[in-house]
Amino acid sequence: MARQPRVVRTLPALHRAVARWRKTRQSIALVPTMGALHQGHLTLVRLARRRARGVIVSIYVNPAQFAPTEDLASYPRTLDADLAALAGSGAGLVFVPTTETMYPAGFATRIVPEGPASVGLEDKFRPHFFAGVATVVTKLFLQCRPDIAIFGEKDYQQLKVITALARDLELGVEILGAPIVRESDGLAMSSRNAYLSAGERAAAPTLHRVLEDCADKIARGAALAGAIEQGRAAIEHAGFVLDYLEARNADTLRPIGSVQDGPVRLLVAAKIGRTRLIDNVGV
Ligand code: AMP
């Protein structure tokens, strides 16, 4: 059996390990996660390993990015299985900080991103979210000092927010995006898929199917507004409560009126039962 990567839980242990890598001039890649790892995460780790000698996977369920009404308490925590999954993945180090490390008593700083964090998508439905993400990711970057960090396109708006954050604050980290990994029926892999009942799981691939359908129609020349309207109806018909289905500029995430304002990215968020799913595709 492949050996599990080393687990570090404290900053001194992390800093010692990173300093050892740096001493031998090894490049370092960071893959930030909240655990409950699946093939989507492991693909990010493999990509990181192709780009850097030393790969750090962080596992931390960040309270600051959950609203009081959200699923912080029930978010799946599966550290033993995660470490087993990371064996042989290319990860050299797994950083599992405590909340005392990330938010020690007296912690009083929040990074509030703008631009792609303020376009009326996730930010409209989870107003606390991107400040929570930006603050914890900045801390992780400063703690791990990676050369590159890998984020999934699954969280497309988050990828754009982190890219702007790293650029604007000159954090010295190159941000790389990785394509979405899907189940065989098209459902984007997500730790939250574990919440789905059998009936909800059967309906869940509708999101991706509708995205692909819309993208196809738009690529063949259909008007954006009409294609999106039909997509919204199809998602609601499948039993979802829709937060948004939007066509946006793939770079800025700003609203667009036609493909001429593109490149176009279609983004969706919807609840099925108590589970909120997000997905996106390019056109
Ligand atoms: P999370 O643990 O959900 O915070 O995700 C950690 C990282 O994995 C983020 O950069 C996500 O975008 C990425 N990720 C999650 N699911 C997928 C997926 N199905 N395909 C690609 N990347 C993913």
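Student: What do the buried residues of helix H7 pack against?

Tutor: In this predicted model, the buried residues of H7 pack against helix H5 (122-125), helix H6 (129-144), strand E5 (148-152), strand E6 (174-178), E8 and E9.

Student: Why are residues of H7 such as Leu159 and Ile162 called buried?

Tutor: A residue counts as buried when its relative accessible area is under 20%. Leu159 and Ile162 are listed as buried, so each falls under that cut-off. The buried residues of H7 also include Tyr156, Val161 and Leu165.

Student: How do you know that the span of helix H7 (residues 156-168) is close to the expected one?

Tutor: The expected span is 1.5 Å times one less than the number of residues. H7 has 13 residues, and therefore 18 Å is expected; from its first C-alpha to its last, the helix reaches 18 Å. Just after H7, Glu170 takes a positive phi of about 45 degrees.

Student: What makes strand E8 (residues 264-272) and E9 a pair?

Tutor: Pairing requires at least two bridges. Eight bridges join E8 to E9, so the two strands pair; they run antiparallel. Within E9, Asn280 is the bridge partner of Leu267.

Student: Why are strand E7 (241-249) and strand E9 (275-282) called edge strands?

Tutor: The open sheet has three strands in the order E7-E8-E9, with antiparallel pairing. E7 and E9 each pair on one side only. Neighbouring strands are turned by 10 degrees against each other on average, direction ignored. Helix H10 (residues 224-237) packs on the sheet and touches E7 and E8.

Definitions and conventions. Residues are numbered from 1 along each chain as its sequence is written. This is a predicted model: local features need pLDDT of at least 70, side-chain atom pairs count only at pLDDT 80 or more; totals for chains, interfaces and linings use all residues. Side-chain values use heavy atoms; hydrogens and water are left out. Helices (H or I, at least four residues) and strands (E, at least two) are DSSP runs, numbered from the N terminus. Axes are lines fitted to C-alpha atoms, for helices over the stretch in contact, and angles run from 0 to 180 degrees between N-to-C directions. Contact means heavy atoms within 4.5 Å. Buried means under 20% relative accessible area, exposed over 50%, partly exposed in between (1.4 Å probe, protein chains only).
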